Amino acid sequence: MFHDMVKANRSYRRFWENEQISRKILLQLIDSARIVASGANKQAIKYYLSYEKELNQKIFETVAWAGFFKDWPGPVEGERPSAYLVLVQDETYTLGNPADLGIAAQTILLGAIEQDLGGCMIGNIEKIKLHEVLNMPKNHQILLVIALGKPKETVVIDEMEAEGDTKYWRDEKQVHHVPKRKLKDIVMN
């Protein structure tokens with residue numbers, strides 16, 4: 001059921017790093033994103049694939065993890081993503097709509113769930129450094145990084161009160177809790 005896929009699509013930050021993801025799987029995920037709606041059909045997003053340990057490590061060093069966990073620098077070795085997709089705008093084409101990025105990223109992550117994978121959208125990126133690491137053309141702008149892998153953590157949704165705290169947190173068993181507003185609190189009529 002679609003709702004179950006959406007519920008399973010959490011922001012995973014710890015993975016079974018040794019569970020490799022093939023180029024073929026990454027291309028399938030991108031192919032799904034390729035055919036979704038695009039504002040004015042501009043199709044301005046391109047994708048850089050990484051699924052080898054050496055390049056994954058270089059990308060890992062350019063991203064920041066879990067802003068609410070101030071004392072957590074990110075997953076330790078052995079729990080890092082098995083792959084990354086870097087979403088890039090070829091500035092030869094303008095984004096038809098800012099929502100295009102979210103539509104593409106969400107499509108990729110829902111496709112990952114179907115493959116028993118999980119991921120995390122990362123916007124806190126050292127873009128200049130990553131641009132150099134990937135040796136990208138100057139007219140390509142890094143928009144987002146998606147970390148992918150077989151999830152090693154449990155992420156649960158907790159319903160919160162209307163004015164409750166939206167900060168995610170981990171309990172003593174390292175279960176990741178994500179507070180979400182109740183349906184009745186977001187429907188206006």
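From the N terminus on, the elements of the protein follow the order α-α-β-α-β-α-β-α-β-β-β-β-α, which amounts to six helices and seven strands, where helices (H or I, at least four residues) and strands (E, at least two) are DSSP runs numbered from the N terminus. The radius of gyration of the protein, 17 Å, is close to the 16 Å that the globule rule gives for 189 residues, so the protein is as compact as a globular protein of that length; the radius is taken over C-alpha atoms, and the rule is 2.2 Å times the number of residues to the power 0.38. The model is a predicted one, in which local features need pLDDT of at least 70 and side-chain atom pairs count only at pLDDT 80 or more, whereas totals for chains, interfaces and linings use all residues. Residues are numbered from 1 along each chain as its sequence is written, and side-chain values use heavy atoms, with hydrogens and water left out.

Along its principal axes, the C-alpha trace spans about 45 × 45 × 30 Å. Buried residues make up 45% of the 189 residues, buried meaning under 20% relative accessible area, exposed over 50%, and partly exposed in between (1.4 Å probe, protein chains only). The protein exposes about 11,100 Å², of which carbon and sulfur atoms supply 52%; accessible areas come from the Shrake-Rupley method with a 1.4 Å probe, and for residues only the protein chains shown count as cover. Of the contacts (heavy atoms within 4.5 Å) with a separation of 6 or more, 74% are accounted for by residues 24 or more positions apart.

Two residues illustrate the packing. Tyr48, in strand 1 (residues 45–50), is partly exposed, with a relative accessible area of 29%. Its C-alpha lies 6.7 Å from that of Leu87, although Tyr48 and Leu87 are 39 residues apart in sequence, and the contacts of Tyr48, not counting residues up to four places away in sequence, are Leu55, Tyr84, Leu85, Val86, Leu134 and Met136. Thr62, by comparison, is placed in the loop between helix 3 (53–60) and strand 2 (83–90) and is buried, at a relative accessible area of 1%. The side chain of Thr62 reaches the backbone oxygen of Ile59 at 2.7 Å, while Thr62 also touches Asn124, Ile125, Glu126, Lys129 and Leu130, with residues up to four places away in sequence not counted.

A search of the whole structure finds ten salt bridges, each defined as a side-chain nitrogen of Lys or Arg within 4 Å of a carboxyl oxygen of Asp or Glu. Among them is the pair Glu17 and Lys53, with the closest N and O atoms 3.1 Å apart; this pair links distant parts of the chain, since Glu17 is in the loop between helix 1 (2–8) and helix 2 (23–34) and Lys53 is in helix 3, 36 residues apart. Glu17 counts as buried at 11% relative accessibility, whereas Lys53 is exposed, with a relative accessible area of 53%. Asp31 and Arg34 form another salt bridge, at 2.6 Å between the closest N and O atoms, and because these residues are three apart in helix 2, they are separated by about one helical turn.

Technical notes. Polar contact = N/O pair within 3.5 Å; in protein donor to acceptor, adjacent residues only side chain to side chain.
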